[in-house]
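User: I would like a close look at one helix packing in this model, with the cut-offs spelled out. Please keep to the geometry and the contacts.

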Amino acid sequence: MSSQHPIPSYLHPTETGPWGVYLEQIDRVTPYLGSLSRWVETLKRPKRILVVDVPIERDDGTIAHFEGYRVQHNTSRGPGKGGVRFHQDVTLSEVMALSAWMTIKNSAVNVPYGGAKGGIRVDPKTLSRGELMRMTRRYTSEIGIIIGPDKDIPAPDVNTNEQTMAWMMDTYSMNEGRTSTGVVTGKPISLGGSLGRREATGRGVFVVGCEAAKKRGMNIEGAKVAVQGFGNVGGIAGRLFAEAGAKVVAVQDHGGTIFHSNGLDVPKLLDHVARHGSVAGFEGIEATMATEDFWKVDCDIMIPAALEQQITVRNADQIRAKIILEGANGPTTPEADDILRDKGVLVVPDVIANAGGVTVSYFEWVQDFSSYFWTEEEINQRLTRIMTEAFSSVWQVSEEKNTSLRTAAFVIACTRVLQAREVRGLYP
Ligand SMILES: NC(=O)c1ccc[n+]([C@@H]2O[C@H](COP(=O)([O-])OP(=O)(O)OC[C@H]3O[C@@H](n4cnc5c(N)ncnc54)[C@H](O)[C@@H]3O)[C@@H](O)[C@H]2O)c1
């Protein structure tokens, strides 16, 4: 796959991971970029990578060291923007790919940002609250030389939340000697966070899901939905689909897979997850399932909302859903994309489907700058309009060019980024 590409010396030459998936997606869009394709190499290498050592003193007095990253993939259209992930499997390849998908996403929905991402290779469940805070603060301090409200603005991702953002904002502010609310988004409301931000990614998944269902002539009421990952994104999306009358028949998270043919009670399930940390042990189920059987579930809409590279050549053929809404970043490999397309499954790609989070992050940043805060109704209306318009533009390009929605989204996004690159010109 990616062996045709010059792989930087700091990545494994053949095991390129999610970065290899991203490179192949860029190859697929290049023929549609016309004269701008002469700039395409700029998308195949991150602008800036910072790898940091994050040492902390543990509660028992020992010293632990963690690997931390911040990658700024592209800043042609504005400051870097993208989440911070705490996970034991974080790698440089993953953070590079996630930062690149942020470049594409921010451009596809036309918010004035480049793409960035960060992460720490750690299982946060093994740390106490105090250790987690010290690790977050030291990481923020280490990457402080490249982040800032007009340089690069982090946000929550897997295993990070409003509290993480509050610690990041406080650490950056202490180092700067002034309170800087605009340095991160996804903050608590009391610190300049935005109403609607916590739900925004899941809400965006729901909004584009409704648009995709209209195109397929599918009724949301009564539709069967399967969700992988029941955290911020999957949990909220599942709740909104259930509220609209859909039946959430299967849910999988890191602890297990549960099923009910009449639909799980989503509010009760969310409450269970909040108390126990996983869907495992939830009582209102018909059956539990083996991990791999999740992909074979009889459903109309499937929402991968956990991690990358979940839908692959191993399971794509088994999927029975008519629509896939990519809540997660990078859940489908290019080979699986082809299988799904041949089967007539409509895949709404991550760079559109989960763009609701960064869209409301943009609203939060604008509100912080102006110190004037909008109502939740205003935020949800503006979010719905941006998501609906973005979906409609991508749909139109996919029809004109007879491509998948992913390639169409990449055409729109890469064109905007490379036009900005071209008109700015190369420095010096
Ligand atoms: N939070 C956001 O605003 C946002 C925005 C855009 C995209 N995303 C993407 O959405 C995905 C989920 O992010 P989140 O913020 O909801 O994270 P989260 O930490 O709130 O939830 C992650 C969920 O995935 C599950 N999970 C982890 N490993 C799993 C595995 N091996 N198999 C099945 N389930 C597993 C966890 O149990 C949990 O339910 C990620 O790909 C993230 O990059 C998040």
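In which crossing, left-handed or right-handed, does α5 pass α11?

Analyst: This is a predicted model, in which local features need pLDDT of at least 70 and side-chain atom pairs count only at pLDDT 80 or more, while totals for chains, interfaces and linings use all residues. Residues are numbered from 1 along each chain as its sequence is written.

α5 passes α11 in a right-handed crossing. A crossing is right-handed if the near helix is turned clockwise from the far one by less than a right angle, and left-handed if anticlockwise. Helix α5 covers residues 197-215 and helix α11 residues 376-401; helices are DSSP runs of H or I with at least four residues, strands are runs of E with at least two, and both are numbered from the N terminus.

The axes of α5 and α11 lie 10 Å apart, at an angle of about 45°. Axes are lines fitted to C-alpha atoms, for helices over the stretch in contact, and angles run from 0 to 180 degrees between N-to-C directions. The pair α5 and α11 is therefore oblique, since angles under 35 degrees count as roughly parallel, over 145 as roughly antiparallel, 65 to 115 as roughly perpendicular and the rest as oblique.

On the α5 side, the contact is formed by A200, R203, G204, V207, V208, E211 and K215, which meet N380, L383, T384, M387, T388, F391 and W395 in α11. Contact here requires C-beta atoms, placed from the backbone, within 7 Å. By class, this contact has 7 nonpolar, 4 polar and 3 charged residues. Ala, Val, Leu, Ile, Met, Phe, Trp, Tyr, Cys and Pro count as nonpolar, Asp, Glu, Lys and Arg as charged, and the others, Gly among them, as polar. An α-helix has 3.6 residues a turn, so residues three or four places apart point the same way.

T103, I104, S107 and A108 in α2 meet A409, F410, I412, A413, R416 and V417 in α12. That contact has 7 nonpolar, 2 polar and 1 charged residues.

Both α2 (92-108) and α12 (405-424), together with α8 (334-342), are packed against by the buried residues of α1. In α1, residues 17-29, the buried positions include W19, Y22, L23 and V29; buried means that 20 or more other C-beta atoms lie within 10 Å of the residue's own, exposed 12 or fewer, and partly exposed in between.

Terms used:
Two residues are in contact if their C-beta atoms, placed from the backbone, lie within 7 Å.
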